[in-house]
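Good morning. Please have the sequence and the structure open while I talk. I will go through one chain in a few minutes.

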Amino acid sequence: PCTILLNNDLASGTPPQLMGLHEQYLLPPLHAGWSVRRKSQHFRAYEEVAKRFAKLLGMDPWLITPMFQSVDLHGKKGLEALQT
């Protein structure tokens, strides 16, 4: 099997040409595209990797971890939280 490196964040969905591939490995995998996951999940996963990496280097993970907060923009409270 070969590996295919995608230069596509899959934000607009999975291209039909990539559906049903079984013999190739895709990097990033289709389940990691922006169209099927939330950015908050990405940042949580990044935070875990950053903590491990920082521990290996003996540094504070805060130096390489962006601050983020999940906000529900569908309700009035979410919009108020964003404004604040």
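I will start with the whole chain and then go to single residues.

First, the ground rules. This is a predicted model, in which local features need pLDDT of at least 70 and side-chain atom pairs count only at pLDDT 80 or more, while totals for chains, interfaces and linings use all residues. Residues are numbered from 1 along each chain as its sequence is written, and side-chain values use heavy atoms, with hydrogens and water left out.

Now the overall layout. The chain has 2 helices and 2 strands, and along the sequence they come in the pattern β-β-α-α. Helices here are DSSP runs of H or I with at least four residues, strands are runs of E with at least two, and both are numbered from the N terminus.

What is the radius of gyration of the chain? It is 17 Å, whereas a compact globule of 84 residues would have one near 12 Å. That radius is taken over C-alpha atoms, and the globule rule is 2.2 Å times the number of residues to the power 0.38. Along the principal axes, the C-alpha atoms fill a box of roughly 45 × 40 × 15 Å.

Of the 84 residues, 13% count as buried. Buried means under 20% relative accessible area, exposed means over 50%, and partly exposed is in between, with a 1.4 Å probe and protein chains only. The chain exposes about 7,200 Å², and carbon and sulfur atoms supply 58% of that area. Accessible areas come from the Shrake-Rupley method with a 1.4 Å probe; for residues, only the protein chains shown count as cover.

Residues 24 or more positions apart account for 20% of them.

Trp-34 sits in the loop between strand S2 (25–27) and H1. With 24% relative accessibility, Trp-34 counts as partly exposed. Which residues does Trp-34 contact, leaving aside neighbours within four places in sequence? They are Asp-9, Leu-10, Ala-11, Lys-39 and His-42. For Asp-9, the C-alpha atom is 6.3 Å from that of Trp-34, although the two are 25 residues apart along the chain.

Thr-65 is in the loop between H1 and helix H2 (76–83). Is Thr-65 buried or exposed? Thr-65 is buried, at a relative accessible area of 16%. Its side chain reaches the backbone oxygen of Pro-61 at 2.7 Å. A polar contact is a pair of N or O atoms within 3.5 Å; within protein, one must be able to donate a hydrogen and the other to accept it, and residues adjacent in sequence count only if both atoms are side-chain atoms. Not counting residues up to four places away in sequence, Thr-65 touches Tyr-46, Glu-47 and Ala-50.

Now helix H1. How many salt bridges does the structure hold? There is 1. By definition, a side-chain nitrogen of Lys or Arg lies within 4 Å of a carboxyl oxygen of Asp or Glu. In general, side chains of opposite charge can pair when their charged atoms come close. Here the partners are Glu-48 and Lys-51, at 3.7 Å from N to O. They are about one helical turn apart, because they are 3 residues apart in helix H1 (residues 39–57). Glu-48 is partly exposed at 40% relative accessible area, and Lys-51 is partly exposed at 40%.

There is also a nonpolar surface patch of about 350 Å², made by Phe-53, Leu-56 and Leu-57. Patch residues have over 30% relative accessible area and no salt bridge; like charges are joined within 9 Å, and nonpolar side chains (Val, Leu, Ile, Met, Phe, Trp, Tyr) within 5 Å. Phe-53 lies in helix H1 and is partly exposed at 43%. Leu-57 lies in helix H1 too, and at 51% relative accessibility Leu-57 counts as exposed.

Last, some C-alpha to C-alpha distances. Phe-53 and Leu-18 are 35 residues apart in sequence and 32 Å apart in space. Leu-57 and Pro-15 are 42 residues apart in sequence and 39 Å apart in space. His-22, in the loop between strand S1 (3–5) and S2, is exposed at 71% relative accessible area. The C-alpha atoms of His-22 and Lys-76, 54 residues apart along the chain, are separated by 45 Å.

How values were computed. Contact = heavy atoms within 4.5 Å.
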